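Work through the exercises below with the sequence and the model side by side. Try each task before you read its solution.

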Amino acid sequence: MELWAVARTNPRLREVLRRAEGAARRDLYRVVDEVMGPELTASAAYPAVAELTVQLLRGMAISDVLYREDADRDALLERWGRIVRPLLTGSSGSGGPEGAG
């Protein structure tokens with residue numbers, strides 16, 4: 001994240017960082033795809049959910065620098081699961097913790 005901040009004003013670093021981040025980003029999406037599995041990645045809503053998931057993970061990584069509360073992180077991931085599962089499965093969802101995974 002510190003390199004990203006410096007890259008705002010350093011064009012050479014920005015270009016190098018974009019290339020490196022591109023490779024890391026592809027790998028991150030590959031992992032997200034594997035975690036979700038073929039049934040969920042087949043959903044028309046999946047590309048948007050994958051992008052939001054990656055952004056959520058990045059935000060959590062930044063927040064963890066200052067706030068390392070497992071309960072808060074677990075609650076956030078549970079809410080994320082309850083929201084995205086119906087989008088990906090076409091179900092109405094029950095709103096309970098079982099929708100978190």
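**Exercise 1. Find what share of the residues in the protein is buried, then describe its overall form.**

Step 1. Of the 101 residues in the protein, 24% are buried. Buried means under 20% relative accessible area, with a 1.4 Å probe and protein chains only; exposed means over 50%, and partly exposed lies in between. This is a predicted model, in which local features need pLDDT of at least 70 and side-chain atom pairs count only at pLDDT 80 or more, while totals for chains, interfaces and linings use all residues. Residues are numbered from 1 along each chain as its sequence is written, and side-chain values use heavy atoms, without hydrogens and water.

Step 2. Take the secondary structure. The protein has four helices and zero strands. Its pattern along the sequence is α-α-α-α. Helices (H or I, at least four residues) and strands (E, at least two) are DSSP runs, numbered from the N terminus.

Step 3. Turn to dimensions. The C-alpha trace spans about 50 × 30 × 20 Å along its principal axes. The radius of gyration is 16 Å, whereas a compact globule of 101 residues would have one near 13 Å. That radius is taken over C-alpha atoms, and the globule rule is 2.2 Å times the number of residues to the power 0.38.

**Exercise 2. Identify the buried residues of α2 and α4 and their packing partners.**

Step 1. List α2. Its buried residues include Leu17, Glu21, Tyr29, Val32 and Met36. The buried residues of α2 pack against α1 (2-7), α3 and α4.

Step 2. List α4. Gly81, Val84, Pro86 and Leu88 are buried there. The buried residues of α4 pack against α2 (11-41) and α3 (46-66). Contact here means heavy atoms within 4.5 Å.

**Exercise 3. Which residues does Thr53 contact, leaving aside neighbours within four places in sequence?**

Step 1. Thr53 counts as buried because its relative accessible area is 7%.

Step 2. Read its contacts. They are Val32, Met36 and Trp80.

Step 3. Follow Trp80, in helix α4. The side chains of Thr53 and Trp80 make a polar contact at 3.4 Å. A polar contact is a pair of N or O atoms within 3.5 Å; within protein, one must be able to donate a hydrogen and the other to accept it, and residues adjacent in sequence count only if both atoms are side-chain atoms.

**Exercise 4. Is Ser43 buried or exposed?**

Step 1. Ser43 is in the loop between α2 and α3.

Step 2. Ser43 is buried, because its relative accessibility is 14%.

Step 3. Not counting residues up to four places away in sequence, Ser43 touches Leu87 and Leu88.
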